[in-house]
Amino acid sequence: MLCDVTEASFYLNYQSPATLYRLLKAGLLDDYVEMHDGQVLLRMGAKGKSPTLAKRVRSLINFRGGHELFMFDPTEEESLQKIRDHWEEQKLKELTEAKQ
């Protein structure tokens with residue numbers, strides 16, 4: 001599963017994509033980057049022996065006590081439900097904006 005940086009940060013339970021952009025700039029997520037029509041996309045799942053993006057990010061950053069990283073894995077039902085919920089929220093938001 002591929003996501004843009006903003007979407008990936010949402011699925012990892014970040015309020016902002018700043019941490020992911022910092023890791024990208026440092027070259028620490030190069031194994032997870034795929035370019036599509038000039039857009040940077042991140043591979044969320046595992047490939048070969050590499051861990052999921054969530055596990056890689058967790059290994060690279062220092063956690064603060066109040067933040068909990070969601071261990072997103074596109075092969076698990078809980079992660080798929082998070083995608084479905086996000087999609088539903090986006091559709092509802094679009095419908096609400098269209099009515100106004």
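Buried, in this talk, means under 20% relative accessible area. Keep that cut-off in mind. The model is a predicted one.

Start with Y11. Its relative accessible area is 2%, so Y11 is buried. Now take F10, next on my list. F10 comes out at 31% relative accessibility, so it counts as partly exposed.

How many aromatic pairs are there? The count comes to one. That pair is F10 with Y11, and the geometry is edge-to-face. The centres are 5.6 Å apart, with 65 degrees between the planes. Over 60 degrees counts as edge-to-face.

Next, K82. This lysine lies in helix α4, residues 77-99. Its contacts, leaving aside neighbours within four places in sequence, are F10, Y11, N13 and F70. So where does the charged end of K82 sit? It sits over the ring of F10, 5.4 Å from the ring centre. What about a salt bridge? K82 has none, although it is buried. The nearest side chain of opposite charge is E78, and that is 8.0 Å away. A salt bridge would need a side-chain nitrogen of Lys or Arg within 4 Å of a carboxyl oxygen.

On to helix α2, residues 18-25. Which residues of α2 are buried? T19, L20, L23 and L24. They cover an arc of only 135 degrees around the axis, so they are on the same side of α2. Turn to the face directed away from that buried side. There you find the exposed residues R22 and K25.

What covers the buried residues of α2? The cover includes two helices, α1 (5-11) and α3 (53-60). It also includes two strands, β2 (33-36) and β3 (39-43). Just after α2 comes G27, with a positive phi of about 80 degrees.

Last stop, V40. This valine is found in strand β3. Is V40 buried, partly exposed or exposed? Partly exposed, because its relative accessibility is 31%. Not counting residues up to four places away in sequence, V40 touches C3, D4, V5, L24, V33, E34 and M35. L24 on that list is one of the buried residues of α2. V40 and D4 are 36 residues apart in sequence. In space, their C-alpha atoms are 6.3 Å apart.

To recap. K82 is buried without a salt bridge, and its charged end sits over the F10 ring. F10 pairs edge-to-face with Y11. Helix α2 has T19, L20, L23 and L24 buried, with R22 and K25 exposed on the face turned away.

Conventions
Residues are numbered from 1 along each chain as its sequence is written. This is a predicted model: local features need pLDDT of at least 70, side-chain atom pairs count only at pLDDT 80 or more; totals for chains, interfaces and linings use all residues. Side-chain values use heavy atoms; hydrogens and water are left out. Helices (H or I, at least four residues) and strands (E, at least two) are DSSP runs, numbered from the N terminus. Buried means under 20% relative accessible area, exposed over 50%, partly exposed in between (1.4 Å probe, protein chains only). Lys and Arg count as positive and Asp and Glu as negative; His and the chain ends are not counted. Contact means heavy atoms within 4.5 Å. Rings of Phe, Tyr and Trp (its six-membered ring) pair if their centres lie within 6.5 Å; planes under 30 degrees apart count as stacked, over 60 as edge-to-face and the rest as tilted. A charge sits over a ring if NZ of Lys or CZ of Arg is within 6 Å of the ring centre and within 35 degrees of the ring normal. The arc is that of the directions from the helix axis to the C-beta atoms.
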